[in-house]
Amino acid sequence: MLSEQTIRQIVHNKFVQPTLSSRQNAAMNHCSHFTVNEMLKRFEQSKYSASEILEMDDDQIYAIFHPVSLARRSSKRPPPYDDIQREVLKRKGKTLTVLYLEYVDVDPHTAYGRSRFFELVRHFLKTRKVTMRQRHFVGEEAFIDYAGTSLTYIENRKQKTASVFIGCLGASNKLFAYATTGQTTQDWVAGIREMLAYFGGVPQVIVIDNAKGLVKKAGNPPKLVRTVDDLAEHFHCLIHACRVGHPQDKSLAEQGVKFITQRILRVMNSDFTFFSLDELNQHLVSEVEKLNALPLQNTDTSRNQLFEQLDGPALSPLPKTPFNPIINEFIKTVPPHYHIQFDGHDYSVPYDLCGEKVTVQVYREKLNVFYKHKLVTTHLLSASDGCTTLPKHMHPSHHADLLHGKSYFLAWAKDVGIYSHKLFKKLYKGIKNPQSRAINTRAKGIKKLCEQHGAEVFEAACRYALAHGKDVPCADELTMIISAKAYEGSVETENSITHSNIRGKSYYEDGGNDE
């Protein structure tokens with residue numbers, strides 16, 4: 001079957017050279033002279049002039065010169081194109097096979113065969129698939145995505161997987177790749193930070209997809225995750241999400257993913273073994289840099305050269321301070337012990353906030369606590385279990401308890417006298433916790449006797465208790481000694497001879513230390 005253009009050429013040749021033979025006309029159009037005779041016969045039967053034939057479109061030419069084929073082609077019932085298009089546009093629409101079976105069920109005798117139905121439908125869908133040519137201005141956009149192919153590395157004798165973040169600038173098509181442990185919000189943020197550092201500047205817009213780590217709710221505009229909003233504010237750029245189900249909105253990122261996957265990722269998985277994520281990233285960045293240095297197809301210019309000419313000078317400068325993202329944020333009611341727990345560690349807040357709701361923001365290295373949108377305290381994060389308490393947060397009575405520990409009581413007893421000091425040293429002997437509530441309580445009771453009876457009487461009572469084998473006397477025992485005045489007239493049994501070089505057994509019992 002001749003094409004419409006060939007038919008026009010046959011008619012044109014006969015119109016320009018009426019004496020031209022069919023064989024000559026056929027040779028000029030690379031067809032049979034029988035076919036030329038048939039086409040000229042149909043031309044004469046149409047009663048149209050040559051100029052009119054030459055002005056007709058392809059469908060009109062086809063109807064005149066192939067009437068039998070046209071009749072045969074129109075004898076079957078056409079597919080329901082509009083219904084098919086609606087199904088295809090659905091996110092989970094019916095397959096073409098299901099649509100064909102429904103089409104046949106209507107009337108099998110007037111239906112096309114399966115192959116012809118598929119051919120007609122696919123041709124129709126292609127005619128409806130129209131894309132807009134995008135023009136990317138210098139320094140305006142960067143497109144990001146994650147590759148579908150992951151990388152592997154070995155750490156502590158265990159194989160781990162890493163996802164690969166891909167970035168691409170709009171005007172220069174310069175590529176970037178960075179491996180992360182997953183695709184969480186923090187991984188997306190880490191990839192964006194590393195990408196901007198690699199490019200050495202910030203574009204006006206970063207185009208993302210609707211990944212859960214980035215977008216809370218899709219829309220126009222979308223509702224972004226808090227950390228992503230903070231990132232956009234820190235770098236003074238716009239985070240823009242493409243339409244749901246329209247990956248062509250970030251086609252450069254899709255092309256970059258395909259290119260890097262074919263050239264780098266598959267080779268890394270098959271030919272290399274890595275023993276840390278840092279080692280993997282070092283190799284990945286070096287390989288991407290090689291791609292950026294290669295000339296683009298059908299040109300002598302590389303992505304790096306285009307970057308120097310186009311995107312590089314147009315990018316905004318990076319902020320002077322690094323971006324410190326919020327890792328976690330939650331609202332907590334302050335318990336009676338005025339400590340907020342995070343990751344197994346307790347952090348203090350001012351005691352007067354007990355029962356109030358506070359907002360806790362956790363960063364990589366610190367924790368901030370806000371009350372009514374006002375910062376009330378900041379703590380450095382601790383990796384160990386336990387408690388971090390700032391003295392200024394404590395209730396006055398609790399703060400007093402904190403001050404009255406081992407060092408406090410030993411220093412006080414030393415000022416009272418040598419025997420008082422020895423008694424308190426024995427009291428705290430073998431105690432690992434200098435803030436032991438049990439021992440501190442006993443120490444307070446003993447100290448109170450000194451305040452009631454005076455330092456001289458208290459020192460004498462301590463001397464008597466130590467001399468008569470009282471290991472660690474309690475307040476009641478000292479009270480009995482003081483009430484009975486047992487210390488009066490008692491002979492010191494520890495040393496009958498007093499001399500600075502003679503220390504006695506008590507000195508060696510408590511280790512020979514004066515503190």
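Nine salt bridges are present in the structure, a salt bridge being a side-chain nitrogen of Lys or Arg within 4 Å of a carboxyl oxygen of Asp or Glu. The structure is a predicted model, in which local features need pLDDT of at least 70 and side-chain atom pairs count only at pLDDT 80 or more, while totals for chains, interfaces and linings use all residues. Residues are numbered from 1 along each chain as its sequence is written, and side-chain values use heavy atoms, with hydrogens and water left out.

One of these salt bridges joins the side chains of R8 and D58, at 2.8 Å from N to O. This pair links distant parts of the chain, with R8 in helix α1 (residues 4-16) and D58 in helix α5 (residues 58-65), 50 residues apart. Helices here are DSSP runs of H or I with at least four residues, strands are runs of E with at least two, and both are numbered from the N terminus. R8 counts as buried, at 11% relative accessibility, whereas D58 is partly exposed, with a relative accessible area of 39%. For these labels, buried means under 20% relative accessible area, exposed over 50%, and partly exposed in between (1.4 Å probe, protein chains only).

A salt bridge also connects the side chains of K160 and E155 (3.0 Å, N to O). Here K160 is partly exposed at 33% relative accessibility, and E155 is partly exposed at 28%.

In helix α11 (residues 226-235), R226 and D230 are separated by about one helical turn, because they lie four residues apart. Their side chains meet in a salt bridge of 3.3 Å, N to O, and R226 is partly exposed at a relative accessible area of 36%. Together with E329, R226 and D230 are linked in a network of salt bridges.

Turning to the interior, nonpolar side chains tend to be buried together in soluble globular proteins. A nonpolar core is taken as a set of buried Ala, Val, Leu, Ile, Met, Phe, Trp, Tyr and Cys residues joined through side-chain atoms within 4.5 Å. The largest such core has 30 residues, and those with the most contacts inside it are I144, F165, M195, I208 and I239. At least two residues of this core come from each of β1 (141-146), β3 (158-169), α10 (185-199), β5 (205-208), α11 and β8 (238-241). Helix α10 supplies the largest share, six residues. Beyond its neighbours within four places in sequence, M195 is in contact (heavy atoms within 4.5 Å) with A142, I144, F165, G167 and F176. A second, separate core has 26 residues, among them Y153, A177, V207 and V288.
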